[in-house]
Amino acid sequence: MAATGCVEFLSETYYHSLSSLSSKDEFVSQIQMHRQKIKKLFGRVPRVFRNTELIFSNKIAETAAELGCGAVLAEGADFILDWRSPNFVYQTNGGNKIKLLLRNYKLSDDIAFRFGTREWSEWPLTAPKFASWVHKSRGDVINLFMDYETFGEHQWNETGIFHFLEALPGEILQYQNNHFQTPGDVIKLYPAVGELDFSRVVTWADTERDASAWLGNEMQKSAFENLYSLEEAVLTSGDPELIGDWRKLQTSDHFYYMCTKWFADGDVHKYFNPYESPYDAFIIFMNILKDLRIRTKGRI
């Protein structure tokens with residue numbers, strides 16, 4: 001895939017963490033670790049950044065720019081875009097002017113969440129139908145972002161998702177002037193049509209499009225604060241195993257499992273939760289964190 005030139009490897013946080021919401025030093029460290037790994041494996045240095053769960057803000061844009069990123073992937077949230085379309089390249093309104101590639105959440109979620117829903121008015125979603133929607137969409141670029149588990153887990157094989165995915169590129173390319181581009185190509189070809197202000201944290205999660213999927217209740221906030229309160233002590237220890245365990249606990253999923261939302265968002269959280277309840281997730285996490293704290297004290 002790397003050799004074809006048709007695939008671009010993005011820069012991310014090494015542990016799929018929420019570090020951007022707590023510690024700039026740790027955030028930067030994980031981005032650099034991820035870059036080094038990509039360079040070692042594929043001989044490429046990523047220049048386009050995609051933060052965990054599309055977490056983004058003006059502050060995060062500044063950090064990405066400091067690290068030499070040419071663009072950042074972000075959520076095309078309605079309250080950020082207002083009357084504008086996500087199908088164009090934008091840039092931040094700060095001093096760094098980093099380019100933004102925004103997710104078209106409607107088309108993305110048609111695949112990620114609605115594809116196998118028989119109650120949906122557009123079911124069944126076929127490759128020709130979706131390609132026609134893409135073709136009719138106005139703009140310079142349509143960004144479809146979704147989790148890997150969309151294919152085979154969230155949308156099971158029985159839904160026909162793999163046949164759809166196999167047929168989709170050919171259907172899209174049947175339309176004149178349609179083509180695929182890497183994020184790096186997009187930011188070279190298209191100028192920013194305007195500036196956007198991400199003065200608040202925006203993500204791709206739930207209807208709120210904020211960080212509440214991971215930090216929306218007191219359990220999540222307590223676990224998060226306790227975890228990052230160990231940062232200095234853990235890193236000072238110089239113990240690779242201890243540091244690695246602390247960083248694994250930063251993975252966003254741990255906090256996602258503690259979510260107590262209701263209705264449709266709550267159903268999604270419950271579907272992906274391996275625990276009996278969010279409270280079990282919190283208790284188990286805090287027990288592990290307590291053990292980590294004891295190990296940390298033993299190393300100082």
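Ser237 counts as buried, at 15% relative accessibility (buried is under 20% relative accessible area, exposed over 50% and partly exposed in between, with a 1.4 Å probe and protein chains only). Ser237 is found in helix α10, residues 231-237 (helices are DSSP runs of H or I of at least four residues, numbered from the N terminus). The side chain of Ser237 reaches the backbone oxygen of Val234 at 2.5 Å.

The model is predicted: local features need pLDDT of at least 70 and side-chain atom pairs count only at pLDDT 80 or more, while totals for chains, interfaces and linings use all residues. Residues are numbered from 1 along each chain as its sequence is written, and side-chain values use heavy atoms, with hydrogens and water left out.

A search of the whole structure finds 14 aromatic pairs (ring centres of Phe, Tyr and Trp, the last by its six-membered ring, lie within 6.5 Å; planes under 30 degrees apart are stacked, over 60 edge-to-face and the rest tilted). Two of the tilted pairs are tabulated.

| Pair | Centre to centre | Angle between planes |
|---|---|---|
| Tyr14 and Tyr15 | 5.0 Å | 50° |
| Trp214 and Tyr256 | 6.4 Å | 45° |

Trp214 lies in helix α8 (residues 212-215) and Tyr256 in helix α12 (residues 252-256), so their pairing ties together parts 42 residues apart in sequence. Trp214 and Tyr256 are both buried. Tyr14 is partly exposed at 34% relative accessible area, whereas Tyr15 is buried at 15%.

One aromatic cluster is formed by Phe115, Trp120, Phe130, Trp133 and Phe164. Lys106 lies over the face of Trp133, 5.7 Å from the ring centre (NZ of Lys or CZ of Arg must be within 6 Å of the ring centre and within 35 degrees of the ring normal). Arg209 lies over the face of Tyr105, at 4.6 Å from the ring centre.

Conventions. Helices (H or I, at least four residues) and strands (E, at least two) are DSSP runs, numbered from the N terminus. A polar contact is a pair of N or O atoms within 3.5 Å; within protein, one must be able to donate a hydrogen and the other to accept it, and residues adjacent in sequence count only if both atoms are side-chain atoms.
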